[in-house]
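Biologist: Hi! Could you walk me through this model?
Modeller: Happy to, here it comes.
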Amino acid sequence: MTQAEIKLCSLLLQEHFGEIVEKVGVHLIRTGSQPLRAIAHDTGTSLDQVKKALCVLIQHNLVVYHVHKRGVVEYEAQCHRVLRMLRYPRYIYTTKTLYSDTGELIVEELLLNGKMTMSDVVKKVADRLTETMEDGKTMDYAEVSSTFVRLADTHFVQRCPFAPITDNSDTGPPPPAPTLVINEKDMYLVPKLSLIGKGKRRLSDEDASGEPKAKRLKHTDNKESPHPKAGQTWHSDKHQATVNAAPELRNKSSITTSLQRSLPVGYNISKQVLDQYLTLLADDPLEFIGKSGDSGGGMFVINLHKALASLATATLESVIQERFGSRCARIFRLVLQKKHLEQKQVEDFAMIPAKEAKDMLYKMLSENFISLQEIPKTPDHAPSRTFYLYTVNVLSAARMLLHRCYKSVANLIERRQFETKENKRLLEKSQRVEAILASMQATGAEEVQLQEIEEMITAPERQQLETLKRNVNKLDASEIQVDETIFLLESYIESTMKRQ
């Protein structure tokens, strides 16, 4: 765990959960597994506060615990899950795109609360959707439940491990901590729940039928089947991967041309045209699609590693071009293509003057985008009898760039926090005015009264608020863009390490 990653984890924990949780979480990230009393002693925090902080971290799947043979319970931070908090906006946006507002709110509730039962999620989302509807309209629990089932089927949400039911006849001492288990085949199995009712509005005491609130609550209690895991908690499956490939290839690593009938009906692609498309993809020098054998028209396979490697290389080239210019990018592509080149060869192939080529090579070398390999002709390693070859280690360069991306995101978060802190008084005043306006509008205040309240914020203050909003939006957008690069580089590094 690098210092840049630890700093980013610290900022994320503090922003989402506060200082105490951040202190406990970062301590575990730095030290590894620790028992409860050691955490309290090392952080200078009371046992009660440490327990509450650990409860929050465990609830959000950011800390796990292990019971050792001696009965000591140790807690361990999950650093990679803390860093995934950067991706929460992307998860929510993707769910909204695929499953509309209902799916978006289900995932948002699970991300905000860490773990929830299905019935609690359905009720909360139905209530939130009802509040946004016109008067007289409500969201049915059954509709939210069906969206939840679709999310589970596509692995956007999954069951949490649970403590198995033990035999009460066992008179032995209870374990120091429960052992959580789950069967892999049950991770996406939705319990049979019969949720009857509709969403409720917080400000109304009666529903559309005119029934009192207490009576309506009695009628709309969810009826759960006697399923042994009906009260099981769920959380968002943040490792769900989406392959941006052709629909037929999206769910299969390989297909044959004889599977033409399994293509969507609307495609209307003949076998001859399909063969041409697949042949073009297989002949592409990027090698995203590979072909093996000729029986049945051949077997076509998606090579995700090649795709990730090409995207990572393109990202490195883009960064070099932005930092050092197009000539450096040309040299980088040349060294990448030729594998190993001497300085004179770089000058000749790139058609760049010797002095400029030397300066550019040294710039990229100092920034670790390229590396220098020495091949001695004699055992004494004399410089006059040694080949000095420039080469590109894409994996090493990707790790270096990933480290810089972590630092960049941390800087963006700190800048956003600074902007908000500098305008804290103005933001609080704006929130008070908005609350007063909302209250007066609800009671039917006149337009003149509302205008007087709005004038409590002067023109310069409104301009300052607009500038702040614009700056924060830019910082948020930049944070999401850098996280896209982080996701790409992490995926490439993970794929490469698995192949080694």
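Biologist: At the start of α16, which side-chain oxygen reaches to the backbone nitrogen of L395?
Modeller: One from N393, to within 3.3 Å; a polar contact is an N or O pair within 3.5 Å, one able to donate a hydrogen and the other to accept it, with residues adjacent in sequence counted only through two side-chain atoms. Bear in mind this is a predicted model, where local features need pLDDT of at least 70 and side-chain atom pairs 80 or more, while totals for chains, interfaces and linings use all residues. Residues are numbered from 1 along each chain as its sequence is written, and side-chain values use heavy atoms, without hydrogens and water.
Biologist: Switching topic: is Q34 buried or exposed?
Modeller: Buried, because its relative accessible area is 15%; buried means under 20%, exposed over 50%, partly exposed in between, using a 1.4 Å probe and protein chains only. Q34 sits in strand β1 (residues 34–35).
Biologist: And what is Q34 in contact with, beyond four places in sequence?
Modeller: Its partners are H27, L28, I39, D42, V73, E74 and Y75, with contact meaning heavy atoms within 4.5 Å.
Biologist: What order do the strands of the open sheet have?
Modeller: The order is β4-β8-β5, with antiparallel pairing.

How values were computed:
Helix = DSSP H or I, 4+ residues; strand = E, 2+ residues; numbered from the N terminus. Pairing = 2+ DSSP bridges.
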